[in-house]
Amino acid sequence: MQVYDGAVDKGLEGVVACTTAISSIVDATLCYRGYTIEDLAQNSTFEEVVFLLWNDRLPTSAELVDLKNSFGKEMALEPELVAALKKLPTKDTHPMAWLRTAVSTMGLWDVDANEMDDNANHRKAIRLSAKMATLVAAFHCFREGKELATPKADKSVAWNFLYMMKGKDPDPEMVKVFDTCLILHADHELNCSAFAARVTASSLSDMHSAVVSGICALKGPLHGGANEQVMRTLREIGGVDQVIPWLEKALANKEKIMGFGHRVYKNGDPRAKILRSMSKNMTENSGEPQWFAMSEILDDEMKARKGLLPNVDFYSASVYYSMGIPLDLFTPIFAVSRVTGWIAHILEQYSNNRIYRPRGQWTGKEGLKYTPISQR
Ligand code: COA
């Protein structure tokens, strides 16, 4: 029997699966299209970053206005979509499972669903990105039995998300912090969900299908689902005095501590450094500095005991918590931003495609002969 017996790179560690010009990771430096994440977090806006990711350059003022207008026109959900979404269960439903279904449902109404040309893909890119925040807020409102406020077309994604969540104009400072979070989460080279989206796109499947693949991969606790788990961990720990005893017990039980470690960054995740100072400010402003204090101890102890550093999910958890966002919406928020990175990857995949089709090393039985069911 001829079987593949080449080396196995478990988890594809170190495997270079495609060329990409969207975001790069070199040591502890993350760049989108050549600009460092620190530069973009400090100086740009989420919408500007979206243009950058999709067009390989920063926008002019007119181009940025144009993109914002396109987003503004597409943010609201059509009444027939709202009616369909209201039929989905929200009780005991994880919002990421709901979001996966909602985006798939949205695709059924998309007039360009089966068109794959550049213009149709651009229109779908706008619709998917503009509506993701509205979908997450819709889930929140539906389960709370509240009316979903209509997003305001002249406002940003960050502003509208907080507006729809709270039902009133959000605090400008909070909008700025949330916008920075969206920038930090927008793309991250060939991460698990971007790869999942690219794998689906590589069969020349449509953009909604590829984005749903991204959502499915992001949901897991080893990827985007970690931010929710971080906050659950901090709440379970309870107080600064309890951090070290909790950690000792968790490590003795060989548990994974959520929000730590990374496949690529071994000298620290640059996004975590930015989020760390945001967490300090936000937890102080919200009158709950203990979340940052506990995080800081956990950070120091994980470094000392395991040599593991925090990733993007660690400090973003306390930032979102300080904004009053429910824990189970932390990962959906990740999708609100990352959808734009997935789309950049999907378009890049279409533009230079070859279907992904790796091999598996056979470890099963060989040469068996069929036994009729009566003889088993
Ligand atoms: N807590 C405790 N130990 C951890 C750890 C964590 N968060 N992350 C890695 N380790 C340990 C592993 O147990 C393993 O130890 P071993 O060699 O003794 O078995 C070693 O470090 C290597 O980890 P591994 O799981 O092989 O790394 P990976 O590259 O396959 O996975 C992550 C990377 C991010 C999935 C992994 O670090 C993890 O599960 N982190 C927690 C989840 C998380 O925060 N995900 C968000 C990523 S942005």
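Which residues does Arg338 touch, not counting residues up to four places away in sequence? The first view takes that up. This is a predicted model, where local features need pLDDT of at least 70 and side-chain atom pairs count only at pLDDT 80 or more, while totals for chains, interfaces and linings use all residues. Residues are numbered from 1 along each chain as its sequence is written, and side-chain values use heavy atoms, with hydrogens and water left out.

**View 1. Arg338 and its neighbours.** Arg338 sits in helix α16, residues 330-351 (helices are DSSP runs of H or I, at least four residues, numbered from the N terminus). Its contacts are His185, Ala186, Asp187, His188, Asn191, Ser193, His223 and Arg271 (contact means heavy atoms within 4.5 Å). Arg338 is buried but has no salt bridge, and Asp187, the nearest side chain of opposite charge, is 4.9 Å away. Buried means under 20% relative accessible area, exposed over 50% and partly exposed in between, with a 1.4 Å probe and protein chains only. A salt bridge puts a side-chain nitrogen of Lys or Arg within 4 Å of a carboxyl oxygen of Asp or Glu.

**View 2. Val65 in helix α3.** Helix α3 covers residues 61-74. Val65 counts as partly exposed because its relative accessibility is 47%.

Notes
Helices (H or I, at least four residues) and strands (E, at least two) are DSSP runs, numbered from the N terminus. Lys and Arg count as positive and Asp and Glu as negative; His and the chain ends are not counted.
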